[in-house]
Amino acid sequence: MANPLKCDLCAKPATVHLTQIVSNKVHKVDLCETCAQAKGVTDPSGFSLADLLLKASLNPDTPAAGGRCEQCGFTQSDFKKHGRFGCPTCYEAFKGVVEPMLDTMHKGTTHTGKIPQRALERKSIYDRLTKLELDLTEAIKSERYEDAARARDEISQVKQTVPSNPKSAR
Amino acid sequence: MTIASLIDSPSELTDAASSKTAIVLMTRIRLARNLSGTAFPGWAKPAQREEVLRICREAVAATSPMKRSLNITVGELSDLEKQILVERHLISRELSGAKGGAGVVISKDQAFSVMVNEEDHLRIQVLRSGFQLKKAWNAITELDSALEDHLDYAFTPTLGYLTACPTNLGTAMRASAMMHLPALVISNQMEKVVRAVNQLGMVVRGLFGEGSDASGSIFQISNQTTLGESEGEIIKRLHTVLQSIIEHELNAREKLLEADAGKLFDKVGRAFGILQNSHLLSSGEAMNLLSLIRLGIDLAVFPDASRSVIDRLFIEAQPGHLQHAQKGEFDPAQRDLLRAARLRSEFANFAPPNFSFSTNGKN
């Protein structure tokens, strides 16, 4: 074989190939003999592919494991304990854990629904303002007065387009 | 608005005029939303929870559907008041058990409720009696967009709305219908239906959600997944599933009538007898008897106009509502006495059953 399949759990050549349909979605897993035995795959009644996929992604030995959310201090073992995340930023911090889970959990892995359009526009305006204010300070510090004037003008321009005051509990 | 006046005004569910549909009692949609850069309620420190509560209550109260709403913290509610709100599906059991820094805003007509600091910062909900998924969606997305003007939601283009639990990511929407399925229960087909519905990515639960039993043959059917499909697609899919469940229920009713109408009418007639004469009724038994009367209405044994009475009694037979009506707190045995008395008086004036037309009555 030119390209033998490797076991999804360890790197040995896979000899057991499983296909399971959950909620009209096909899931495939390739395992080596040892892992298949260890996971109880040989007993078809007690085996759920979804469990295996989920556990594989939560296994602390996998490279995705470890880490801590900088924003809220949440750790991966906290997630294993609670089944909930600590804050929105956790989804970035634990990307490696979340992504493999989504495939079994949901119909797709990408959002295609409603977008909070106005909130996003407001956010991009605020991000732009923050950057311009930084530019202004920098320019004044290094005595680049032409750049400073340009930044100042842009700031006042952007400020005119700012909609109502946003609130967050920071 | 105060909690006392809210409890004493008819809810979307107990509103007599709105009961038109036979099988779908109620449609409900809820959206989970969180503030960006802020710890989720389960991980937030008490001071953060209080801050989120203050910001969200203020923002929710400023929207137009929430004019003259009830805006209250969980700490201000008595145990009985919490129980009544749970029975009306206006707050969840989880919120009613929250320790501190949690609250709810409920619209005057009790069609909208927004829970703050439940599992997510905001749980926005709309209730509509009958089978009205589209209308419910239009109403809730409007309220959601109005809130968006005041609050910065946690959102990413790929994962959608970010929620404490990854099972709610994406649209963060749960759309559900509460269905009355007595014939499927009587003919032992519910298990089969539950399995088929699960295969289609939908979930079946009892009347009060996760872990509750299906007394009264009332079930909640909702979408399981939230990511990878738009709200419209989820609603369309749910609609199709619900339609097919309705057809199965109607078929099951016809089959029961064909096979042994006498047996079915016996159940309905006996239920009527017990409701008119019993002196001890648990809420579970009361629900099952009322369910049979409701089936009788669908089969033209009782007049159509009685359906709204039964839908009201479904709620009023619950422990919280019963104790509120009796103005006191009672132990379960006393409640069974009071419940039976309440139902006896209600059924003393109920139209008597008429089984003569029913053989043609196919709803």
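Student: What makes you say there is a kink in α8(B), and where is it centred?

Tutor: This is a predicted model, and in it the bend in α8(B) comes to about 115°, centred on Asp260(B). The bend is the angle between axes fitted to the seven residues ending at a residue and the seven starting there.

Student: How do you know that α8(B) falls short of a straight helix?

Tutor: Look at its ends. α8(B) has 47 residues, and a straight helix at 1.5 Å a residue would reach 69 Å. The end C-alpha atoms of α8(B) are only 48 Å apart.

Student: Why is α8(B) called roughly perpendicular to α12(B)?

Tutor: Helix α8 (residues 231-277) of chain B packs against helix α12 (residues 332-348) of chain B at about 115°, with the axes 6 Å apart. Angles of 65 to 115 degrees count as roughly perpendicular, so α8(B) gets that label against α12(B).

Student: Which residues make that contact?

Tutor: From α8(B) you have Leu275(B), Gln276(B) and Asn277(B), and they meet Leu343(B), Arg344(B), Phe347(B) and Ala348(B) in α12(B). By class that's four nonpolar, two polar and one charged.

Student: What makes up the side of chain B that touches chain A?

Tutor: 43 residues of chain B are in contact with 34 residues of chain A. α2 (46-61) and α5 (133-148) of chain B each supply at least two residues of that side, and α2(B) gives the most, with five. The residues of that side of chain B divide into 18 nonpolar, 19 polar and six charged.

Student: How do you know how far to trust each chain's coordinates?

Tutor: Check the confidence. Chain B averages a pLDDT of 91, with 93% of the residues at 70 or above; chain A averages 76, with 71% scoring at least 70. Within chain A, helix α2 (residues 49-58) has the lowest mean of its elements, 51, while helix α4 (residues 90-93) has the highest, 93. Over residues 55-65 of chain A, pLDDT stays under 50. For the complex, the predictor gives an ipTM of 0.83 and a pTM of 0.80.

Conventions: Residues numbered from 1 in each chain as written. Chains lettered and ligands numbered in written order. Predicted model: local features only at pLDDT ≥ 70, side-chain atom pairs only at ≥ 80, totals over all residues. Contact = placed C-beta atoms within 7 Å. Helix = DSSP H or I, 4+ residues; strand = E, 2+ residues; numbered from the N terminus. Nonpolar A, V, L, I, M, F, W, Y, C, P; charged D, E, K, R; others polar. Axes fitted to C-alpha atoms, helices over the stretch in contact; angles between N-to-C directions. Parallel < 35°, antiparallel > 145°, perpendicular 65-115°, else oblique. Expected span 1.5 Å × (residues − 1). pLDDT = per-residue confidence, 0-100.
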